[in-house]
Amino acid sequence: MDLESKYNTKSPAVKRLMREALELRSATDEYCARPLDDNLFEWHFTVRGAPHTDFQAGIYHGRILLPPDYPMKPPNIILLTPNGRFETNKKICLSISGHHPETWQPSWSIRTAMLALIAFMPTPGNGTIGSLDYTADERKQLARKSQSWKCDICGKMSDQLDKSIDNSNNSAITPDESNLINNVIFKGEETSDNNRKEAVTENSSQVTESLTQTSCAAQEAASSNNAAQPQPVAAAANTPVPVPPLSNLISDSTSNLLITILVAVIAFLIYRRIFLL
């Protein structure tokens, strides 16, 4: 495979993928991965199911699609082998995949992604994107069938992994990879909790909407009843204020004038009497 002549070796993504291809050139008894002969940004991988789980007898094959700006952005992972946990030929929703670029870290690699996938497979699906919730018996049956499954490009799955008992190619899981696996499992549990919260929120919204509709109906009924009844306040506002007759107004003015004249005459008489004495 002469990829150096096909790609720009100064590209960070090309340099990183070539280094990972060199590190993964030898298969282990748990996983293997390699790029296609004509495409460095598409890899095929094979992983063995985790021991003491429904998948322990299975060997699962899939594709890894890497973006041009890898490792700054995460790859997309697609499983091809029927397994009962993930839909086949569909991008898997994990914190290590393109569905969650916000949780991806450039220090992670194809190897750590495969280890995380192995650890994540036994967790419940709970309706996440691309997940399945087959029964334990169905998964075990699919695990047995997976050993004879063939890829059109890579061949039979059971021939992909190293079958030697003493496998020196296995590397110990680093602390970063251990944190990644825990993060992937936590992300799955978090997604399940969010699904439950969304269901509760949706039910609450439906109840609230029902109560709102009931309240609106009651208000409309009350408005209809009020419209049918006479409005005393409005009637009182429209009633004209009675105006007293003109004769009454004249009589009042005359009385006031006479009183004023009488007071003036009395004052004049008192003044005259005082000063003439």
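Modeller: Of the 277 residues in the protein chain, 34% count as buried, meaning under 20% relative accessible area with a 1.4 Å probe, protein chains only; exposed means over 50%, and partly exposed is in between. This is a predicted model, where local features need pLDDT of at least 70, side-chain atom pairs count only at pLDDT 80 or more, and totals for chains, interfaces and linings use all residues. Residues are numbered from 1 along each chain as its sequence is written, and side-chain values use heavy atoms, with hydrogens and water left out.

Colleague: How many helices and strands does the protein chain have?

Modeller: The protein chain has 6 helices and 6 strands, taken as DSSP runs (H or I, at least four residues, for helices; E, at least two, for strands) and numbered from the N terminus.

Colleague: Which residues are buried in helix α3?

Modeller: Arg139, Leu142, Ala143 and Ser146 are buried in α3, which spans residues 136–146. They sit on the same side of α3 because they cover an arc of only 105° around the axis, taken from the directions from the helix axis to the C-beta atoms.

Colleague: What do the buried residues of α3 pack against?

Modeller: They pack against β3 (59–65). The face turned away from the buried side carries the exposed residues Asp137, Arg144 and Lys145.

Colleague: Back to Arg139. Which residues does Arg139 touch?

Modeller: Leaving out residues up to four places away in sequence, the contacts of Arg139 (heavy atoms within 4.5 Å) include Asp54, Phe55, Asn83 and Tyr134. A polar atom of the Arg139 side chain lies 3.1 Å from the backbone oxygen of Leu132.

How values were computed
Polar contact = N/O pair within 3.5 Å; in protein donor to acceptor, adjacent residues only side chain to side chain.
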